[in-house]
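Here are some friendly notes to read alongside the model on your screen. Take the points one at a time, and find each element in the viewer as you go.

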2 protein chains.
Amino acid sequence: MELIEKMLNGDKRACARLISSVENNSNEAEDIIKTIYPHTGKAHVIGITGPPGAGKSTLTDKLVKLLRKKDLRVGIIAVDPTSPYTGGAILGDRIRMNDLALDPGVFIRSMGTRGYLGGLAKATRNTVKILDAFGCDVVIIETVGVGQSEVDIVKAADTVVMVMVPGLGDDIQSIKAGVMEIGDIFAVNKSDILGAQRTATEINMMLDLSQNLERRPPVVMVTASQNQNIDKLLEEIEKHYIYMKENDILEKRRKLNIKRELVELVEEELRKYVIKETENKGEMESVTLSLYTKETDPFTIRDILLSKIK
Amino acid sequence: MELIEKMLNGDKRACARLISSVENNSNEAEDIIKTIYPHTGKAHVIGITGPPGAGKSTLTDKLVKLLRKKDLRVGIIAVDPTSPYTGGAILGDRIRMNDLALDPGVFIRSMGTRGYLGGLAKATRNTVKILDAFGCDVVIIETVGVGQSEVDIVKAADTVVMVMVPGLGDDIQSIKAGVMEIGDIFAVNKSDILGAQRTATEINMMLDLSQNLERRPPVVMVTASQNQNIDKLLEEIEKHYIYMKENDILEKRRKLNIKRELVELVEEELRKYVIKETENKGEMESVTLSLYTKETDPFTIRDILLSKIK
């Protein structure tokens, strides 16, 4: 495929078009991934996550600028909620990244969280592969760290940075706790505002209590808007990557992700098959009616459908 | 089953034990649902969702008190993120609901978002069924409205109330937009703080722009903490339910949810089958290695696995 050839040679537009293809799960999507797959596995994939309002975009922006100073090629995948009204990702913070977008060594892609029905994780994973094959040394996935699907996405990264901020209320604190175990590094952002030290202390306490951590995640205080301590954070990210490589943990983690991907791919095909089977037989309507009127129950119907499929 | 008999006769402890059984997806879970299924379909299921910090719990609390004045039996399912460190749901706002918990006409259940791997929606759905069979006139599902799985949960309700608050920043605003289309009624909470009117206006503008709404959702300004306008909100909730029933939309929506549930149940079984098949054959390790070393690609392996399953 000519487009792939071009992309592998560093053509940004070709790269963008290939990403669109895999995002839309087009007919060529599988062929694209099959062809580029041998060129993947080189990039350091960093997940940046945290509650809404934690300042993830600003932090990403500053991190990328630092990576660029080291002359590293960077890909950014911003997984943003989409508006059903505009049909596209709401720009918001993305706009601030405009100067990055002009940098030839940076590739930015915004993704909505809708429109990939059941497939946002897949679309993100395949976009990572393309950026990896494209030659990005680092690929950053930035996503809101709430919701199971969003957490699943960031789990696919080699290094996960959890961004926290002081004073977001009880609700946020509990969300934070729910996804805390996926953080390899914790960044307390807006460290200039009241309560930041307390937030850091709380995180440290929780981490100290945690039993089953392979490696105790460091907690770094940063102020992204003022570019403070971003170098320290990057240092911790690099240290984590080296640690992963030296202890064969990178290989283990990547293999785990490969398995997860595989099971999901098989499931996806089976799901299509189930939907086709039930729709084709045209019996879905009568079955639904009998459930609606409580003549039968969902488990009985499930077993009938399964026996027909097998 | 004796426990079911007791529950159907109004025994709260029996109800709690049955919910635990279906939550844990125990061996008896399917039998329980099969037995109680004919007793379901009577409750008005209300979903209360919105971004973290919107004051959903306080609003639920006040709504329930109003429903209790009408002598209605109420079930509350609070879908809360769980801490991996405490192993349980963080109480937070739940504590404030203590007086409700003492009311014999109210049944409260907190659910974590973890520990039901791939199955929070299922656990919630089955808990709704038990509370419905238990005789609750109204079942409220309160959940954070971010994340695909959380949105899926609330979609199963008859009436969805989206709770908004002014001034939660850009990030929140975009999340809000991402899930806006599932709201049947919008409540702008904390209407006493600055910017509330503006938030209401923004929501109204978005709703006016939206093309494909069966019914234009009303926007109600409330201040839950001061019990302001909760009666107005309840009125809108009741109006929506009557509208749904009178226009056969309730039947349509419930049938759609039945179909979704059925497809998910079939998928769940197939997934178990896939995992068992791949693990049993013991070839998962060698396959993962060949993918890790990029000798092959995930789609090729997927097709091989599929052909073996079929």
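**Notes on a predicted model**

1. Let's start with a pair of helices. The axes of helix α2 (residues 12-23) of chain B and α6(B) come within 9 Å of each other and cross at roughly 155 degrees. An angle over 145 degrees counts as roughly antiparallel, and that makes α2(B) roughly antiparallel to α6(B). On the α2(B) side, the contact is made by C15(B), L18(B), I19(B), V22(B) and E23(B). On the α6(B) side, A123(B), N126(B), T127(B) and I130(B) take part. The crossing of these two helices is right-handed. Please keep in mind throughout that this is a predicted model.

2. Look at the numbering in that contact for a moment. An α-helix has 3.6 residues a turn, so residues three or four places apart point the same way. With that in mind, find C15(B), L18(B), I19(B) and V22(B), which are among the α2(B) residues in the contact.

3. Now stay with α6(B) by itself. How far apart are the end C-alpha atoms of helix α6 (residues 120-133) of chain B? They are 20 Å apart, which agrees with the 20 Å that its 14 residues should span at 1.5 Å a residue. The expected span is 1.5 Å times one less than the number of residues. This helix is also mostly covered, with 13 of its 14 residues buried. After the helix comes G135(B), whose phi is positive, near 110 degrees.

4. Is strand β4 (residues 138-144) of chain B enclosed or open? 7 of its 7 residues are buried, so the strand is largely enclosed by the rest of the structure. Both of its faces are covered. V138(B), I140(B), E142(B) and V144(B) lie on one side, with V139(B), I141(B) and T143(B) on the other, and all are buried. Next to look at is its pairing: strand β1 (residues 44-50) of chain B joins β4(B) in the parallel sense over 7 bridges.

5. Which strands pair with β6(B)? Strand β5 (residues 159-164) of chain B runs parallel to β6(B) and is joined to it by 4 bridges. Strand β7 (residues 219-221) of chain B also pairs with β6(B) in the parallel sense, over 3 bridges. To follow the pairing residue by residue, go from V161(B) to its bridge partner I185(B) in β6(B), then from V188(B) to its partner M221(B) in β7(B).

6. Over to chain A, where there are 13 helices and 7 strands. Buried residues make up 47% of the 310 residues in this chain. Among its contacts between residues at least 6 apart in sequence, 73% join residues at least 24 apart.

7. Chain A gives you another helix pair to study. The axes of helix α2 (residues 12-23) of chain A and helix α3 (residues 29-36) of chain A come within 8 Å and cross at roughly 125 degrees. The two helices are therefore oblique to each other, and α2(A) passes α3(A) in a left-handed crossing. L18(A), S21(A) and V22(A) of α2(A) meet A29(A), I32(A) and I33(A) of α3(A).

8. Two backbone angles deserve a second look. Most residues other than glycine have a negative phi. D248(A) has a positive phi, near 60 degrees, and is not glycine. D248(A) sits in the loop between α10 (230-246) and α11 (249-280) of chain A, and it counts as exposed because it has 9 C-beta neighbours inside 10 Å. D71(B) is not a glycine either, yet its phi is positive at about 65 degrees. D71(B) is found in the loop between α4 (56-69) and β2 (74-80) of chain B. Is D71(B) buried or exposed? With 8 other C-beta atoms within 10 Å, D71(B) is exposed.

9. E2(B) lies in helix α1 (residues 2-8) of that chain and is exposed, with 7 other C-beta atoms within 10 Å. A residue counts as exposed at 12 or fewer. The C-alpha atoms of E2(B) and F107(B) are separated by 20 Å, and the two residues are 105 residues apart along the chain.

Terms used. Residues are numbered from 1 along each chain as its sequence is written. Chains are lettered from A and ligands numbered from 1 in the order in which they are written. This is a predicted model: local features need pLDDT of at least 70, side-chain atom pairs count only at pLDDT 80 or more; totals for chains, interfaces and linings use all residues. A residue is buried if 20 or more other C-beta atoms lie within 10 Å of its own, exposed if 12 or fewer, and partly exposed in between; C-beta atoms are placed from the backbone. Two strands pair if DSSP finds at least two bridges between them. Two residues are in contact if their C-beta atoms, placed from the backbone, lie within 7 Å. Axes are lines fitted to C-alpha atoms, for helices over the stretch in contact, and angles run from 0 to 180 degrees between N-to-C directions. Angles under 35 degrees count as roughly parallel, over 145 as roughly antiparallel, 65 to 115 as roughly perpendicular and the rest as oblique. A crossing is left-handed if the near helix is turned anticlockwise from the far one by less than a right angle, and right-handed if clockwise.
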